[in-house]
Amino acid sequence: MEMDVEGVDQISSLPDALLSRIISHLGISESIRTSILSRRWKNIWKSSSCLHFDTNFLTKSRIDIYERGASFRNYDRKRLYDEISRATGLVERVIDSHETKLVFCSISHIEDNLKSGLVERLIKNLKEKKLIEELSLVCEKLFVSDRFQCNLPPGIFFCRTLHVLELKGYRLKDASPFESCRNLVTLRLDSVNLDDKTLSRVILNCMFLEDLCLCSCTGLKKIEIHDKKLKSLKLNDLDLEGVDIEAEGLSILVLNSVSCSVNMKINTPTLLEFGFCSDGGRLQKSTQIYSRIIDLLERCCGLLQQKPNNGFVNCSNPFGQLHTLSISLALDSQMEQHILDHIFRLCTHLQKLCISIPPNNTGPSDWELPYPTFMFWEKRELHDSITHSLKLVKIKGFCGKEEEIVFAKHLIRKAPMLRRFVVECGENCSETGARETLGLSLEPRASVNLSIVLKPEVDGSFQNWVSTLNQNPSC
């Protein structure tokens, strides 16, 4: 017997707990709109575990201005602030209407909400009434000339249930808002202005902090972290004079688009995952900054010995226990081939390797070798990481250059534990490069269980070359 299911509302048949969980992934505007669907849906959003007060909800006036192409100079600044302040004031009413405990809440606001005390009231409400566990606060800047400082009271972020905190767009004059933050486990600071002393005090106040992320922060000159409890440290898009990391318990370290002009010291004996990549764009346009990246890698790998005159610091091996490495390197550069070779030597337990090849590489001149660059890997000693532990390799931005092909063949032929080799071709892959890359799948393999995956570049250039080669196999 056939059953006519046309018009049946399958979603409404789900239990309230599951519907609430689905709604928790929506922005606050969409969440509240679900209340008009039916009588049953009217209050479901009030039991959602997550509330997202996104930019569209709070700054609709600003978005309308962008859409109309109007200029801030020709717009009534006071009127704009008043409209957005009123919209932000709705957050209080929505939180008061919410009926259950909140796991996560994200709030976008403007600096006037800090000055008026609204943000302070919201935080206290979330702490005391909602027992918030994860909180994200984003301070929107409407005008480039705006300068403000966070005037939150001391200890505002102390809460026995708050474990994760993210701040974006703030200017911290001191660490007082973090006083006695004993329960905070994860802290993310994005586009935050603070000085070295403030950062040190914040880390000191958060005595059980395990996960720290600093992204695009300004005002920092030297990052100095001496903490036995920290397990994960991620530094993104920072221009520093020095880095001093002494973290015995650190297992994850990521340095993405980080330049360090003078001192670099890393002592992380239990490190398991390390990532070091440039952004492939801004940093690659400056040979000077690119050289700093190479210097940092050299220092981490122990290629630079101690030089008291210029401030370089020789570090202990931070890679002894490493099993996952993500790094940005040009495989056709002799200097960077040396760095990668030293990494293979130091990382005796390396299992996963991801290499991002920067486009339009303009790195410093290479070292002199007594043999051609493409013979580099043939002349190198086979390290234990290649012969005993390496299981997954992924290369992004592959162009099929001779040195890239030779490196790929070296691992395919010499790594008996390798299970998966992924090649993602870059936008500069030529017809010759495509042909050579396709040939990797025919190489003799040291591992009988190896799977070689070739992925075309997003714009389809590699795929076009493949189609051409398939149609003309004699090319």
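Biologist: How much space lies in the second largest cavity?

Modeller: This is a predicted model, and in it the second largest cavity holds about 30 Å³ of space. The structure has two cavities of 30 Å³ or more.

Biologist: Which residues line the second largest cavity?

Modeller: Its lining consists of Asp341, Phe344, Trp377, Arg380, Glu381, Leu382, His383, Ile386 and His410.

Biologist: How are the rings of Phe376 and Trp377 arranged, then?

Modeller: Two quantities are needed here: a pair of aromatic rings is described by the distance of the centres and the angle of the planes. For Phe376 and Trp377 the centres are 5.0 Å apart and the planes stand at 90°. An angle over 60 degrees counts as edge-to-face, so this pair is edge-to-face.

Biologist: Is Trp377 buried or exposed?

Modeller: Trp377 counts as buried because its relative accessibility is 3%, and the cut-off for that class is under 20%. Phe376 is buried as well, with a relative accessible area of 0%.

Biologist: How many aromatic pairs does a search of the whole structure find?

Modeller: The search finds five. Phe157 and Phe178 make up a tilted pair, because their ring centres are 5.1 Å apart and their planes are at 45°.

Biologist: Where in the chain do Phe157 and Phe178 lie?

Modeller: Phe157 is in the loop between strand 3 (134-140) and strand 4 (164-168), while Phe178 is in the loop between strand 4 and strand 5 (186-190). The pair therefore ties together parts that are 21 residues apart in sequence. Phe157 counts as buried at 2% relative accessibility, and Phe178 does so at 0%.

Biologist: On to the nonpolar core. Which residues of the largest one touch the most other members?

Modeller: They are Phe157, Phe178, Leu214, Phe344 and Phe421, in a core of 109 residues.

Biologist: What does Phe421 touch, leaving out residues up to four places away in sequence?

Modeller: Phe421 touches Val393, Ile395, Ala408, Leu411, Ile412, Leu450, Ser451, Ile452 and Val453.

Biologist: A last topic, the cysteines. How many disulfides does a search of the whole structure find?

Modeller: The search finds zero disulfides. For Cys215, the nearest cysteine sulfur belongs to Cys213 and is 5.9 Å away, whereas a disulfide requires sulfur atoms within 2.5 Å.

Biologist: And Cys347, buried or exposed?

Modeller: Cys347 counts as buried, because its relative accessibility is 0%.

Methods:
Residues are numbered from 1 along each chain as its sequence is written. This is a predicted model: local features need pLDDT of at least 70, side-chain atom pairs count only at pLDDT 80 or more; totals for chains, interfaces and linings use all residues. Side-chain values use heavy atoms; hydrogens and water are left out. Buried means under 20% relative accessible area, exposed over 50%, partly exposed in between (1.4 Å probe, protein chains only). A nonpolar core is a set of buried Ala, Val, Leu, Ile, Met, Phe, Trp, Tyr and Cys residues joined through side-chain atoms within 4.5 Å. Contact means heavy atoms within 4.5 Å. Rings of Phe, Tyr and Trp (its six-membered ring) pair if their centres lie within 6.5 Å; planes under 30 degrees apart count as stacked, over 60 as edge-to-face and the rest as tilted. Helices (H or I, at least four residues) and strands (E, at least two) are DSSP runs, numbered from the N terminus. On a 1 Å grid over the protein atoms alone, a cavity is a set of points where a 1.4 Å probe fits but cannot get out, and a pocket is an open set with protein on both sides within 12 Å along at least five of seven lines; lining residues have an atom within 4 Å of a point. Grid points are joined across faces, edges and corners, and a volume is the space filled by probe spheres set on the points.
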